[in-house]
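Here are my notes on the fold, as numbered points. Please read them with the model open.

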Amino acid sequence: MAVTQQEIENRLWDAADELRVAMPEAQYSSVVFPLMFWKYLSDTWEHNHQEFLAQYEGLDGLSPEEAREIEYRDHQSFEIPFIHAGTVQERRASWSSILATVAQHGLGQRVRASLQAIESANPDKFSRLFGSMTWTSEAVLPGEVLASVMQAMDRTPKMHEGNMSHDVLGGAYEYLLKRFSDGSGTRAGQFFTPREVVELIIELLDPKNHESVYDPTCGSGGMLIAAANLLKAHGGRGYTLSLNGQEAVADTAGVARMNLFMHNLTEFKVEVGDTLRDPRFKKPDGSVKQFDVIVANPPYSLKWKPWTNDPRAIGGVAPQSSADWAFVQHMIASMDSKKGRAGVVLPHGVLFRGGQEAVIRKRVLDDDLLEAVIGLPANLFYSTSIPTSILVFRAPGSKPPKRKDGVLFIDASTRFTKAKNRNVLTDADIADVVTAFHSGSYGDREAGLSARFVPTTEIVANGYDLNIGRYIKQAAAEHEDLGTLIDVYNIARAERQKAEQRMLAVLSAAGIEGFDE
């Protein structure tokens, strides 16, 4: 009997809920995801092993070595090895084998040894997959609590392809990601971009069969998975995409790798490291590798150590106080020279802040790299309530003719539905924004959506300011957050002071006094 989505989600949450006596909800993911993936691997291996044994009964005269070779050639795609696991008795590093020892002291040690053994036995697939595994320490998670979690999780149906589809399995993983983010505030939300925002960006960039997709701040891998899912939904072959991501936090990178495997996506590469300081995807000559589709929701206004001599720094170097434009520069450098396109979610400040950011913005606009600015509603994200915007970029010279020498502005700031903890975009909201993006206009203002293509000459006349309200007047001021309004005020005040200083200098040079107030 097929396993329903609701059934597996409820059972998995029951297992996660066993952790409530030992740790805050924000930390559940570090325990639940490795255990869930371990059970998935073990159930899959054991299912394939039983199929092999059924066939092996008809094979006479094979030595154990020959039988093993046949099994791993024809039935298994990874290995679950044997370990000592802290006991004299040798055990396989499988879920069921260790579960049988839950009543014994040192359960965390045996779990850790099993996960490490699986990583070591499958270095090409599972190297560093399970993260730091600090939760296996008795001081972090008491053995009796770990036992309760494992016993509760064992009540879920067998997690193998013969019992449930990868759609169900991947959906359950996504359910837990969202549930952890909904209940734990900013910590989990830092690596989980809301599904509807991810879908909107992927719809805008429209990946095609056999293209490469790259997320330089990939978090739990949701954008990479969405690219494959969307291509499949549009009649394409999602499995043909080359999926690539980099994540600064090793444990989160492990979550991403597990997430991709759970969705039956195996053509991927997730690297660990700081993308700005140490980009892991490079060409043989040392320059950054280029991709067809680049997507990102980087950490906003991140303090960073600015580059001193980096070819990615087109137009200048972003200030130490905010790496927002540095992430954009990295994405631009990573775009394929012929058909590369990029979509990134950033706070509104990138549209109008002065200083070095203004210099970079000018260069990007002068090079005609920016295709669209889309204003989103406030309070969409788990980690911040401020309104954000999606910026869409195209490789030099690759814009459609109707988009050359200008930028499409879309105001979708009032298109949302209120939910328990945040605002959400509905399927209709996403569809209308995508329609406006492809058509370049949207005529129904009562629908809460407006679009306008603005020539670069008009933007230049406005001092390269990309504030959506300059170009779409009905962009509602009440939807701007206080921080954005303060930024606007400070910039306007500084510009007024500069203008006054220039005026006083001209008057003084002309011998006119009395205007020094």
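1. The open sheet has nine strands in the order β5-β4-β3-β6-β7-β9-β8-β10-β13, with mixed pairing. Two strands count as paired if DSSP finds at least two bridges between them. β5 (268-272) and β13 (450-455) stand at the edges with a single partner strand each, so one side of each has no neighbour in the sheet. From one strand to the next, the twist averages 15°. Axes here are lines fitted to C-alpha atoms, for helices over the stretch in contact, and angles run from 0 to 180 degrees between N-to-C directions.

2. On provenance: this is a predicted model, where local features need pLDDT of at least 70, side-chain atom pairs count only at pLDDT 80 or more, and totals for chains, interfaces and linings use all residues. Residues are numbered from 1 along each chain as its sequence is written, and side-chain values use heavy atoms, with hydrogens and water left out. Helices (H or I, at least four residues) and strands (E, at least two) are DSSP runs, numbered from the N terminus.

3. Leu-408 has Phe-453 in β13 as its bridge partner. Helix α10 (residues 195-205) packs on the sheet and touches β6, β7, β8 (370-375) and β9. Contact means heavy atoms within 4.5 Å. The direction of α10 makes about 145° with that of β7.

4. Now β7. Strand β6 (residues 293-296) pairs with β7 in the parallel sense over four bridges. Val-295 has Gly-343 of β7 as its bridge partner. On the β9 side (residues 388-394), seven bridges join the two strands, and they run antiparallel. Leu-346 stands opposite Ser-389 in β9.

5. How buried is β7? Seven of its seven residues (341-347) are buried, so the strand is largely enclosed by the rest of the structure. Buried means under 20% relative accessible area, exposed over 50%, partly exposed in between (1.4 Å probe, protein chains only). In a regular strand, side chains alternate between the two faces of the sheet. Both faces of β7 are covered: Arg-341, Gly-343, Val-345 and Pro-347 lie on one side, Ala-342, Val-344 and Leu-346 on the other.

6. Helix α3 (residues 64-74) has a buried set: Ala-67, Ile-70 and Glu-71. Down the helix axis, the buried residues fall within an arc of 100°, so they line one face. That arc is taken from the directions from the axis to the C-beta atoms. The face turned away carries exposed Glu-65, Glu-69 and Arg-73. Among what covers the buried residues is α2 (28-56).
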